[in-house]
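Me: Let us go through the labels used for this model. For each one, I want the value and the rule behind it.

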Protein chains: 4
Amino acid sequence: MTANISCTELQVRYAETDQMGVAHHSNYIIWCEQARTDHMRNLGVSYRGLEDQGIRLAVVDAHVRYRAPARYDDLIRIRCWVRDVTSRRVVFGYALERGNDGHLLATAQTALIAVDSQHALTRIPPGVRDRMVIVPDPVRL
Amino acid sequence: MTANISCTELQVRYAETDQMGVAHHSNYIIWCEQARTDHMRNLGVSYRGLEDQGIRLAVVDAHVRYRAPARYDDLIRIRCWVRDVTSRRVVFGYALERGNDGHLLATAQTALIAVDSQHALTRIPPGVRDRMVIVPDPVRL
Amino acid sequence: MTANISCTELQVRYAETDQMGVAHHSNYIIWCEQARTDHMRNLGVSYRGLEDQGIRLAVVDAHVRYRAPARYDDLIRIRCWVRDVTSRRVVFGYALERGNDGHLLATAQTALIAVDSQHALTRIPPGVRDRMVIVPDPVRL
Amino acid sequence: MTANISCTELQVRYAETDQMGVAHHSNYIIWCEQARTDHMRNLGVSYRGLEDQGIRLAVVDAHVRYRAPARYDDLIRIRCWVRDVTSRRVVFGYALERGNDGHLLATAQTALIAVDSQHALTRIPPGVRDRMVIVPDPVRL
């Protein structure tokens, strides 16, 4: 795995399960966000620092394909990478796997745009954009 | 609005906001679920009753396009309808609007499959499937 | 029920259940918050308006007693009232009941203090404090 | 720190913040749950295994004192210990500290009772109870 694909690990919380006995599907969106901020940090971009400069990255599109359920206490490994980036928009890809056997649980992608503190469209700072190295998808999304 | 498009209203909770000052994007998935169970109830299908029969509908695909932010205390109106249904799979569409001015906040679609209590693939009970009337999209998704 | 005890109704969401088959206990804190902002609105205080003036009410103490589980799709009725108020601190009481039979599910209390946008301690605006009418507990907390 | 006080670390997620710019107070209940299952695991009790035997530990009382706000991306360190245990009930204590400077953010306690899969009161299995070593509070709750 290259530095341009990050790897985040987390454990499914009890509060994240539902009465179907599996992790509720809304949590994958939150887990991807955690993987994305980890990936940005690995690329040398602090999302917290970006916000301090008055720039936010707002999610405009999220698409998740659920392939197998995740269960309470399962270790989840999330690979995250940049699929595409332009001056105002960046697309991240995600592969969520079960930690103990590498079984693919879900794939996802989210598109984000840069906005200022008034939610007006702005540019991704060039220094940030330069760090967002595009890589080919390591799995089919 | 026909009976085959349901309308659910909810108010953005404080706990649903994030430090960007808007509703966090993961909540839309939860709101759509609420709209979907309301729509099924309107069609004469109780999701709670379905589970009592050992049938669950598991989300296998979720896609949300976020068009404008929702804010704390905003009234959100969600229209929900069936886009497609087969013997094992049903696709719902959603349009989320701001209650006070009808501004379109987001559109979404989710695909669900029928599984039994062991998460094995099964059929949507024919009596349930018959009630899932497909309607043309009232907005572009 | 007097105007000084508010009544909020909500339905348990599927995403709020856990694999124990009941509503996860963390949600009661969120439901109480909804009841509290409803109660403030009934007393003539908009929490959204308060924030626009730069005043926030931050929870400093929360105590919930869970008496019976709430289940998916259950209607929950929450009574909320002011137990105590001083220049800087207000304590709310809550009784959560099952809608269909009035069975008491939980009682709770939360204490909040006024803070400014920098999280520094401040006073509850006198006009707000005056509206926060203290009532005797309608149930034993 | 003895083995009878566990230490769990987590990072505040963006989705856990609210528009006050801090972690929403409902999340502390979820973080404590994570610390509690970690502590049980350290004591040799798998909560997942307990559920497989048909025993659940249901929260009947939760009390949190919030002392200072937690912010996005903050590392949170949670110490967890057993305050009291009887044949049917166990009380856990928690101290939540900011990871980088050890500042105390919150203290909490939760009481849990053993229930079976029908939510009827039962006993904590003796082998589990024996492992739940009571320790004096390391901080004032």
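This is a predicted model: local features need pLDDT of at least 70, side-chain atom pairs count only at pLDDT 80 or more; totals for chains, interfaces and linings use all residues.

**Copies and axes**

Me: What relates chain A to chain B?
Reply: Chain A can be laid on chain B by a turn of 180° and a shift of 0.0 Å along the axis, with an RMSD of 0.0 Å. That is therefore the relation of a two-fold axis. In chain A, the C-alpha of His63(A) is nearest the axis, at 2.1 Å. The same surface serves both copies, since 100% of the contact residues of chain A recur in chain B.

**The contact of chains A and B**

Me: How many residues does the contact take from each of chains A and B?
Reply: It takes 17 residues from chain A and 17 residues from chain B. Contact requires C-beta atoms, placed from the backbone, within 7 Å. On the side of chain A that touches chain B, α1 (27–42) and β2 (56–66) each supply at least two residues. β2(A) gives the largest share, ten residues. By type, this side of chain A divides into ten nonpolar, four polar and three charged.

Me: What makes β2(A) and β2(B) a pair?
Reply: Two strands pair if DSSP finds at least two bridges between them. β2(A) and β2(B) have five, in the antiparallel sense. His63(A) stands opposite His63(B). The strands themselves are DSSP runs (E, at least two residues; helices are H or I, at least four), numbered from the N terminus.

**The sheet of chains C and D**

Me: Why do β1 of chain C and β1 of chain D stand at the edges?
Reply: The open sheet has ten strands, in the order β1(C)-β3(C)-β4(C)-β5(C)-β2(C)-β2(D)-β5(D)-β4(D)-β3(D)-β1(D), with antiparallel pairing. β1(C) and β1(D) each have a single partner strand, so one side of each is left without a neighbour in the sheet. From one strand to the next, the twist averages 25°. Angles run from 0 to 180 degrees between N-to-C directions, with axes as lines fitted to C-alpha atoms, for helices over the stretch in contact.

Me: How many bridges join the strands of chain D?
Reply: β3(D) and β4(D) are joined by nine, running antiparallel. There, Arg77(D) has Glu97(D) as its bridge partner. β4(D) and β5(D) are also antiparallel, over nine bridges, with Val90(D) partnered by Leu112(D). β2(D) and β5(D) pair over ten bridges in the antiparallel sense; Ala58(D) stands opposite Ile113(D).

Me: What do β4(D) and β5(D) form?
Reply: They form a hairpin, with five residues between the two strands. Gly102(D) in the turn has a positive phi of about 70°.

Me: Where does helix α1 of chain D lie?
Reply: The helix, residues 27–42, lies across β1, β2, β3, β4 and β5 of chain D. α1(D) runs at about 140° to β1(D).

**Faces and burial**

Me: Which residues of β1(B) are on the covered face?
Reply: Ser6(B), Thr8(B) and Leu10(B) are. Cys7(B), Glu9(B) and Gln11(B) make the uncovered face. In a regular strand the side chains alternate between the two faces of the sheet. β1(B) is joined to β3(B) by six bridges and runs antiparallel to β3(B). Glu9(B) stands opposite Arg77(B).

Me: Why does Ile78(A) count as buried?
Reply: Buried means 20 or more other C-beta atoms within 10 Å; exposed means 12 or fewer, and partly exposed is in between. Ile78(A) has 24 such neighbours, so it counts as buried. Ile78(A) is found in β3(A). Beyond four places in sequence, Ile78(A) is in contact with Thr8(A), Trp31(A), Cys32(A), Ala35(A), Tyr94(A) and Leu96(A). Ile78(A) and Cys7(A) are 71 residues apart in sequence, yet 5.5 Å apart in space, C-alpha to C-alpha.

Notes. Residues are numbered from 1 along each chain as its sequence is written. Chains are lettered from A and ligands numbered from 1 in the order in which they are written. Two residues are in contact if their C-beta atoms, placed from the backbone, lie within 7 Å. Ala, Val, Leu, Ile, Met, Phe, Trp, Tyr, Cys and Pro count as nonpolar, Asp, Glu, Lys and Arg as charged, and the others, Gly among them, as polar. Copies are superposed by least squares on the C-alpha atoms of residues with pLDDT of at least 70 in both.
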